[in-house]
Amino acid sequence: MQMQKKLELLLEEAGAKLAFASHTFEEAEPLMEYHIGWAADAGDAGDAGDAGDAGEAGQTLLPAGEAAAWEITLGCTEIGGSSDGARLEVNWLHRGQSSQTAAEVRFEFAAWDRSNYVLVPGAVYNGNRFDVRSFSYPPCWSKLTERGPDTPALITDVPRLSIGPGPSAFHLLAGDAATPAVGVYDPVRRQGILILTCQRTGCGETSIHVQEGEDRGSAVISFRAPGVRPRIKYDMCTTGAPSPDRGADFGEGDKLSLSFEVYSFPCGSVDGLFARFAGVRKSLAGTPALSSSLPFSAAWAIQEQKYNELNWKEPYGYYAVGTVDMKHQDWQLGWVGGGMSSYALLLAGGEESVRRARRTLDFIFSGQTEAGFFPGVFYNGRYYGDEFNEDPQRDHPEQWHIVRKSADALYFLGKQLMAMNTLHPNEPLPERWLEGTRRLADGFLRLWGRYGQFGQWIQAETGELLVGGSAGGAMAIAGLALYGRYVEEEVYLAAAQAAGDYYYRQYTREGVTTGGPGEILQCPDSESAFALLEAFIVLHETTGEEKWLQRAEEAARQAISWCVSYNFVFPQSSTFGRLGIETAGSVIANVQNKHSAPGICTLSGDSLLKLFRATGNPLYMEQLRDTAHQLPQYLSRQDRPVMGWDGKELLPGYMSERVNMSDWEGTELIGEVLPLSCWCEVSNMLTYAEVPGIYVQPDTGLLWVFDHVECSLQEENGKQVLTVANNTAYPAEVSIFAELSTAAAVALGQYAAADWPRINVEPGAVRRVPLAFH
């Protein structure tokens with residue numbers, strides 16, 4: 001009973017106590033009966049309240065209907081190396097017969113505060129407490145009256161706690177979360193609590209519930225098996241869809257087990273919650289499997305061929321972001337890959353790809369506006385605004401521009417100019433490119449100088465800020481800093497630093513990054529979280545100031561919370577179930593579009609490598625490995641095609657953004673694939689161009705393998721030798737980044753891959769490579 005007592009003390013520190021409930025559901029009225037019982041005190045049967053008589057010590061008897069009951073037994077064990085956590089097993093033994101029933105473990109908080117920061121990784125950030133506007137998809141900003149720099153943060157109708165009076169609750173399935181967990185930071189008590197559980201039990205998927213008292217003075221965090229969201233559930237942009245969830249039928253002797261890890265710890269900031277979560281998020285489910293599928297170079301070869309055959313638009317001279325003859329699959333700058341795929345092809349492509357990448361840059365500058373920005377969309381010879389909605393009542397939709405698109409363009413244009421100077425040092429760059437990049441940087445300088453932010457939406461022709469109040473333009477910080485370094489002009493770097501300070505205070509420090517995608521209003525999202533990580537890394541590399549490194553770590557911990565930490569169990573009959581897709585490392589998009597995606601939109605993740613080199617913290621390399629290594633499994637290829645949900649096989653080189661663990665598009669689409677060529681192909685291409693296949697520090701023996709090979713490091717005759725085995729069915733060309741540990745303190749900068757040697761390893765072969773390092 002010693003560990004059970006520890007659990008009770010941990011909960012007491014957080015102002016919580018443990019309880020159990022049994023629910024009976026019927027189709028006509030999902031919640032019909034509700035029975036609750038308190039856990040017995042350690043070493044004492046205690047008072048079971050309305051649950052009936054308690055059995056032996058540590059056991060609770062709980063009604064489950066008129067002629068049924070649960071015998072509940074607790075098991076508490078230590079978590080290795082943790083003084084602030086305990087593992088909890090709640091074992092349920094059913095007596096009698098009951099139908100449409102669910103068991104529930106409850107963590108009840110009698111002293112709750114409206115200021116508590118509530119986290120469900122990948123699904124809920126600060127309770128998602130924002131003003132709500134009800135729209136069908138895609139939500140349309142230009143139909144709203146809220147405009148200007150001081151636009152309040154507005155979100156669509158997503159699961160959330162209420163910002164106002166009245167009922168306040170959200171109900172999720174475990175698949176809605178990057179990790180099935182709930183975290184709370186209590187700024188009044190300066191205390192944090194994390195509760196982790198597993199995706200499913202023998203009864204199916206578990207559900208996650210947070211419900212506040214109407215006075216916000218109390219709350220309940222609970223988990224049900226099987227998972228039942230009462231009455232309603234979330235579908236695209238609405239929390240009012242009918243819930244399909246039902247309980248299970250239990251008979252005499254049926255068993256059920258729910259597992260948890262509970263951590264309670266002093267916590268003085270939102271970052272304290274994210275830091276503790278980052279360290280324990282894999283503890284309960286265990287380290288996920290990462291299976292070899294396709295070497296990076298083999299995936300690259302398939303994609304390069306596909307991009308040149310299907311994505312190239314010869315009449316206008318650019319790589320399109322998709323292959324379907326429609327406006328948003330043709331050209332979109334930044335965000336979903338326009339002007340970003342060209343960077344990867346410029347670095348790693350063949351002669352034709354490099355030539356076409358340069359033509360893509362020519363095309364980008366052909367559309368630059370007087371204010372220095374770019375139109376976001378081009379289709380069939382015409383530029384369009386960025387509004388996705390086609391409602392005829394929109395307000396001048398052609399004038400609306402997602403500032404994130406031009407921010408991405410500034411950053412990636414800077415990267416491409418630097419790369420070309422490295423690859424072709426004696427070849428002058430076109431003056432049009434240099435002047436156009438300066439005009440874009442100056443446009444952002446004016447935007448910052450006038451408004452003190454970059455906003456979310458601007459008028460591309462004039463630079464007027466249409467909608468402010470989000471982190472959507474955060475990549476402009478990285479773009480300005482990189483450009484300032486490129487031209488060696490302090491004015492750009494000074495603006496980047498001032499903007500970095502502002503965006504850190506407004507978003508990273510507060511634990512909510514919003515508005516990166518252009519069709520979610522200002523919902524919390526992963527894309528702006530990773531953009532801020534990129535921005536702080538670039539600021540650290542360009543200024544050398546320690547504060548940017550610290551802020552990059554905070555941004556990284558938040559970004560990692562969006563990354564799936566385990567391998568979701570898909571329905572066996574689903575496409576991903578049949579393919580054996582492993583979800584660890586995929587990245588949930590945002591709290592509105594509740595799918596995970598194969599990679600980071602739209603980056604390689606090399607900022608995590610840079611952060612590891614500067615800090616030595618393996619957390620960042622582990623996340624980079626999970627995401628980078630898993631990307632190729634989503635690629636459709638001739639010998640293993642991926643089936644779209646339209647029943648047709650995706651062409652080789654296609655990669656869909658949908659990793660549907662949630663039923664936000666319908667239960668039938670869990671594990672199914674949107675039949676489109678998507679931006680995540682660009683993330684995969686950037687990974688090949690910017691992330692080493694193998695990273696090794698010969699003097700410390702540190703070895704990280706990202707590519708689909710197996711490696712070991714040995715010392716032979718005073719020399720370090722790397723053994724590389726290719727156990728896939730494809731030839732592998734693997735890049736190796738070897739350096740002394742002392743060199744890791746030197747900033748990596750842009751296009752470090754130019755100096756990494758590559759080795760060829762045939763299928764089934766083993767190579768021994770003497771290491772040369774810097």
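Guide: Buried means under 20% relative accessible area, exposed over 50%, and partly exposed in between (1.4 Å probe, protein chains only). This is a predicted model, in which local features need pLDDT of at least 70, side-chain atom pairs count only at pLDDT 80 or more, and totals for chains, interfaces and linings use all residues. Residues are numbered from 1 along each chain as its sequence is written, and side-chain values use heavy atoms, without hydrogens and water.

Visitor: What percentage of the residues in the protein is buried?

Guide: The protein has 774 residues. Of these, the buried ones make up 65%.

Visitor: What is the radius of gyration of the protein, beside that of a compact globule?

Guide: The C-alpha trace spans about 85 × 75 × 50 Å along its principal axes. The globule rule, 2.2 Å times the number of residues to the power 0.38, applies to a radius of gyration taken over C-alpha atoms. For 774 residues a compact globule would come near 28 Å; the protein agrees with this, at 27 Å.

Visitor: Is leucine 7 buried or exposed?

Guide: Leucine 7 belongs to helix α1 (residues 2-13). Beyond its neighbours within four places in sequence, leucine 7 has contacts (heavy atoms within 4.5 Å) with Leu18, Cys76, Ala86, Leu88 and Val262. Because its relative accessibility is 2%, leucine 7 counts as buried.

Visitor: How far apart in space are leucine 7 and leucine 635?

Guide: In sequence, 628 residues separate leucine 7 from leucine 635. From C-alpha to C-alpha, the distance in space is 45 Å.

Visitor: What is the relative accessible area of asparagine 660?

Guide: Asparagine 660 sits in the loop between α15 (618-630) and α16 (680-690). Asparagine 660 is buried, and its relative accessible area is 0%.

Definitions and conventions:
Helix = DSSP H or I, 4+ residues; strand = E, 2+ residues; numbered from the N terminus.
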